Amino acid sequence: MKQWSKFFQNEEFLEKTRMFILNEDMRDYVIDKNGLKPGLKVLDVGCGSGEYTWYLMKGTHDVDFTGLDYDEDFVKAAQARIPEEKNGCSFRFVQGDAKAMPFPDESFDIVVSHTFFNSMPAYKEAMKEMIRVCKTGGMVSSISSTDLQTLPHFTGLYPQDADYWKKPYDELLNKVYKMYETVAPFADYVQGIPTDLIPAFFARNHLAEVSAYPIGCFFSLSNHAFPKEKKKRYIELDYIAEKKRLTCVYEQEEAKACMTEEEVAQFLDVLEQRRDYLLANIDENRIWEWQSGTSLLVTGRKQSENDLLLNGLFAFLNGR
């Protein structure tokens with residue numbers, strides 16, 4: 001598998017998508033279900049560029065956050081984006097393997113993850129490590145997507161004045177994504193456990209009080225409820241993320257059989273035209289290209305050794 005942050009989801013892509021996947025209206029709800037409180041130590045496993053950490057930080061204060069990711073470029077990106085306004089929180093980001101975390105036993109009050117278990121092939125080993133570094137009585141949690149689709153569900157009703165970029169964009173987009181699939185197949189990056197199995201997976205790892213909570217998201221640039229400054233940021237990130245990924249992928253020899261240099265250059269031009277059009281029409285309220293999704297927040301509490309022994313004895317006596 002090629003480097004995640006270059007070939008699959010770069011830091012701009014993560015920031016862009018988390019702008020709506022991590023629903024701000026549900027932040028207090030997510031924080032409450034995770035049990036976040038001032039004074040606690042929190043580990044974000046598979047933290048990427050830190051988006052989930054920042055999301056949680058904005059709704060709490062005086063929390064000690066640590067992020068862990070295998071991809072060194074993500075760790076550098078997260079470290080570089082530590083905000084000036086920290087709400088009294090502290091941060092560190094560590095490059096490391098989730099199967100062998102560089103932390104002592106019972107180091108954290110809460111161990112969280114976002115879209116980690118869907119993409120981690122060695123999810124059983126990772127879960128053992130998450131439980132190991134969590135304090136007894138502490139919370140282990142995961143947010144996982146029920147739909148890993150990143151393309152729009154509805155491509156919008158664009159007026160004719162958008163045809164100069166929309167038609168070539170639609171024609172070339174299929175070629176671009178076929179090229180991505182050839183060079184860095186989607187399946188290589190989502191070899192973890194399906195979301196529908198995660199609640200049972202938590203329970204079978206002897207976590208107590210396993211609970212599941214639905215989290216929904218919806219996004220459209222036409223949506224008046226989405227602030228203009230965030231729309232602008234989204235459009236810029238969308239452009240940068242696609243340009244960076246396309247440029248990186250096309251450097252691979254196998255990509256040359258999928259698209260010509262002229263087609264790649266044309267698509268880059270179209271991407272810029274699309275960005276400029278969307279920025280010029282930032283206040284439009286009638287196109288409604290949109291996407292949505294549902295995630296599942298699953299939580300479980302780490303049991304003590306005595307509790308595990310008693311539960312095992314109880315199960316044995318009841319013939320289970």
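Apart from neighbours within four places in sequence, H114 makes contact with R18, I21, L22, V45, Y52 and I143, where contact means heavy atoms within 4.5 Å. The model is a predicted one, in which local features need pLDDT of at least 70 and side-chain atom pairs count only at pLDDT 80 or more, whereas totals for chains, interfaces and linings use all residues. Residues are numbered from 1 along each chain as its sequence is written, and side-chain values use heavy atoms, with hydrogens and water left out. H114 lies in the loop between β4 (108–113) and α6 (123–133), the helices (H or I, at least four residues) and strands (E, at least two) being DSSP runs numbered from the N terminus. With a relative accessibility of 6%, H114 counts as buried, a class that means under 20% relative accessible area, as against exposed at over 50% and partly exposed in between (1.4 Å probe, protein chains only).

For the protein chain as a whole, the secondary structure comprises 12 helices and seven strands. Taken along the principal axes, the box filled by the C-alpha atoms is roughly 70 × 40 × 35 Å. Of the 320 residues in the protein chain, 48% are buried, and among contacts with a separation of 6 or more, 84% are accounted for by residues 24 or more positions apart.

Helix α10 (residues 228–250) packs with helix α2 (residues 11–21) at an angle of about 145°, the axes being 8 Å apart; axes are lines fitted to C-alpha atoms, for helices over the stretch in contact, and angles run from 0 to 180 degrees between N-to-C directions. The crossing of α2 and α10 is left-handed, a term that applies if the near helix is turned anticlockwise from the far one by less than a right angle, with clockwise giving a right-handed crossing. The contact involves E11, E12, F13, E15, K16, M19 and F20 on the α2 side and K230, R233, Y234, L237, D238, I240, A241 and K244 on the α10 side. Sorted by type, the residues of this contact comprise seven nonpolar, no polar and eight charged, where Ala, Val, Leu, Ile, Met, Phe, Trp, Tyr, Cys and Pro count as nonpolar, Asp, Glu, Lys and Arg as charged, and the others, Gly among them, as polar.

Within helix α10, A241 is buried, with a relative accessible area of 5%. When residues up to four places away in sequence are not counted, A241 touches N10, E12 and F13. A241 and T17, which are 224 residues apart in sequence, lie 11 Å apart in space from C-alpha to C-alpha.

Helix α7 packs with α10 at an angle of about 55°, with axes 10 Å apart. This angle makes α7 oblique to α10, given that angles under 35 degrees count as roughly parallel, over 145 as roughly antiparallel, 65 to 115 as roughly perpendicular and the rest as oblique. In a left-handed crossing of α10 by α7, the contact is made by V176, Y177, M179, Y180 and V183 of α7 together with E242, R245, L246, V249 and Y250 of α10. The residues of this contact of α7 with α10 divide into eight nonpolar, no polar and two charged.

A further contact joins α7 (residues 163–183) to helix α11 (residues 261–280), at an angle of about 130° and with axes 9 Å apart. These two helices, α7 and α11, are therefore oblique to each other, and α7 passes α11 in a left-handed crossing. From α7 the contact draws on Y164, W165, P168, Y169, L172, L173, K175 and V176, and from α11 on E263, Q266, F267, V270, L271, Q273, R274 and Y277. The residues at this contact of α7 with α11 divide into 11 nonpolar, two polar and three charged.
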